[in-house]
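The exercises below go with the structure shown next. Work each one on the model before reading its solution.

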Amino acid sequence: MLLKGKNVIITGAGRGLGKAIAIACAKEGANLGLISRTMGELLNTKKEIEDVGTDIKVIIQTADVSNFQEVSEVLLTFHDELGLFNGVIANAGYSRMWATHEFINEKFAEILNVNVLGVFHTFKAAYPYMKKDDKKDKARFIITGSEAYPNAPPRLTAYVASKFAVVGMQKAMAAEYKRENINFTMVLPTQIDTSLLRGKKAGDGNKPEHVLNPWDLNDYYLFLLSEKANRVDNGLIFTDDFQEVKKILAEAPSEKRENWEAFKDYFEEKAPKSYENVKNLGKLVDFIIARS
Ligand SMILES: NC(=O)c1ccc[n+]([C@@H]2O[C@H](COP(=O)([O-])OP(=O)(O)OC[C@H]3O[C@@H](n4cnc5c(N)ncnc54)[C@H](OP(=O)(O)O)[C@@H]3O)[C@@H](O)[C@H]2O)c1
């Protein structure tokens, strides 16, 4: 098991992406501390994990990530129950869509509070409990960003601002904590079939083809949490590029599919733009190949 005995904290784990990541981590043997504001949804996540039947600890607690006090109290409880954290995933997020000149002021602020301050609060509250004593197995702080960086779709100004902001935060923190054993990375998804994108229709089986399922992203998070990514710091995983990797891998001649070294020139020729974002993450391509 990839994460046996590791302690992983995930915000926004009641549904959508965070729930899928939690189940994937549980299957790989991680103990979990899960946060959202809705206890009923956290209970569902916990039940689905128990149905998988792994022998791990799952602690669920409600907190609003835009409230530092609440996040601190919950992370203290997680530390008391689990011990030091190997990985923390700041995933909780929120969005609303309006023309910028009509955007409701309070909603604009709320989006920034959840998506930007929420990440800051999660890191600040988690930092004392992150396991930073092992150079060969560093602690991981992973932010769920969005393709809104750098694409900046219209009518999503607050969301776009928040997702640009967290890329800056990730880069600044990676530089600031360079001498400590913490890796800072991000997953920047395209559209995913969750309530954030599709409201009540999420999971209805009628998603457009280009929209991914939440679990399609599991490998990216598992890789970043695993020992294989111990030297991956300040890395951005754009899911679009890695979907391209998966597609081209599936069509590639067998000798090109053995590993990144064998695949990279072929991939560069087929998808030169994606290659630029993938070339420093060859270990993730190897991980995808090994798990396929
Ligand atoms: N879906 C997409 O197309 C897409 C694309 C790119 C990036 N993303 C990013 O993926 C991440 C997860 O989103 P999702 O698509 O899985 O959305 P989702 O299905 O709406 O899930 C969001 C999760 O975050 C929690 N949450 C929201 N506000 C919170 C707060 N203030 N405090 C604590 N928890 C909070 C929600 O629970 P409660 O409401 O109960 O608190 C829920 O568990 C977000 O960062 C989002 O920006 C999503």
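**Exercise 1.** Classify Arg155 as buried, exposed or partly exposed, and describe its backbone setting.

Solution. Arg155 has 14 other C-beta atoms within 10 Å, so it is partly exposed. The scale is this: 20 or more other C-beta atoms within 10 Å of a residue's own make it buried, 12 or fewer make it exposed, and counts in between make it partly exposed, with C-beta atoms placed from the backbone. Next, locate the residue: Arg155 is in the loop between H5 and H6. Helices (H or I, at least four residues) and strands (E, at least two) are DSSP runs, numbered from the N terminus. Finally, read the torsion: phi of Arg155 is near 65 degrees, a positive value in a residue other than glycine.

The model is predicted; local features need pLDDT of at least 70, side-chain atom pairs count only at pLDDT 80 or more, and totals for chains, interfaces and linings use all residues. Residues are numbered from 1 along each chain as its sequence is written.

**Exercise 2.** Examine Ala152 and the peptide bond between Tyr149 and Pro150.

Solution. Ala152 lies in the loop between H5 and H6, and its phi is near 50 degrees, again positive in a residue other than glycine. Ala152 counts as partly exposed because it has 14 C-beta neighbours inside 10 Å. Tyr149 and Pro150 are joined by a cis peptide bond with omega of about 5 degrees; Pro150 belongs to helix H5. For reference, most residues other than glycine have a negative phi, and most peptide bonds are trans.

**Exercise 3.** Describe helix H6 and find what its buried residues pack against.

Solution. H6 covers residues 157–176, 20 residues in total, and spans 28 Å from first to last C-alpha. That is close to the 28 Å expected at 1.5 Å a residue, where the expected span is 1.5 Å times one less than the number of residues. Its buried residues are Ala158, Tyr159, Val160, Ser162, Lys163, Val166 and Gln170. They pack against helices H4 (105–126) and H5 (148–151) and strands S5 (139–144) and S6 (182–188).

**Exercise 4.** Place Leu82 in the fold and list what it touches.

Solution. Leu82 is in helix H3 (residues 68–82). With 22 other C-beta atoms within 10 Å, Leu82 is buried. Leaving out residues up to four places away in sequence, Leu82 touches Asn7, Asn31, Gly33, Lys57 and Ile59; contact means C-beta atoms, placed from the backbone, within 7 Å.

**Exercise 5.** Which residues come nearest to the ligand, and how does its shell divide by residue class?

Solution. Of the 30 residues around the ligand, Gly12, Gly16, Arg37, Thr38 and Gly93 come nearest. A residue is near a molecule if its C-beta atom, placed from the backbone, lies within 6 Å of it. Helix H1 (16–27), strand S2 (31–36) and helix H7 (195–198) each supply at least two shell residues. By class, the shell holds 11 nonpolar, 15 polar and 4 charged residues. Ala, Val, Leu, Ile, Met, Phe, Trp, Tyr, Cys and Pro count as nonpolar, Asp, Glu, Lys and Arg as charged, and the others, Gly among them, as polar.

**Exercise 6.** How many residues of domain 1 and of domain 2 are in contact?

Solution. The domain assignment, which is automatic or from a database, gives domain 1 (7–233) and domain 2 (240–292). Their centres, taken over C-alpha atoms, are separated by 26 Å. At the boundary, 8 residues of domain 1 are in contact with 7 residues of domain 2.

How values were computed. Contact = placed C-beta atoms within 7 Å.
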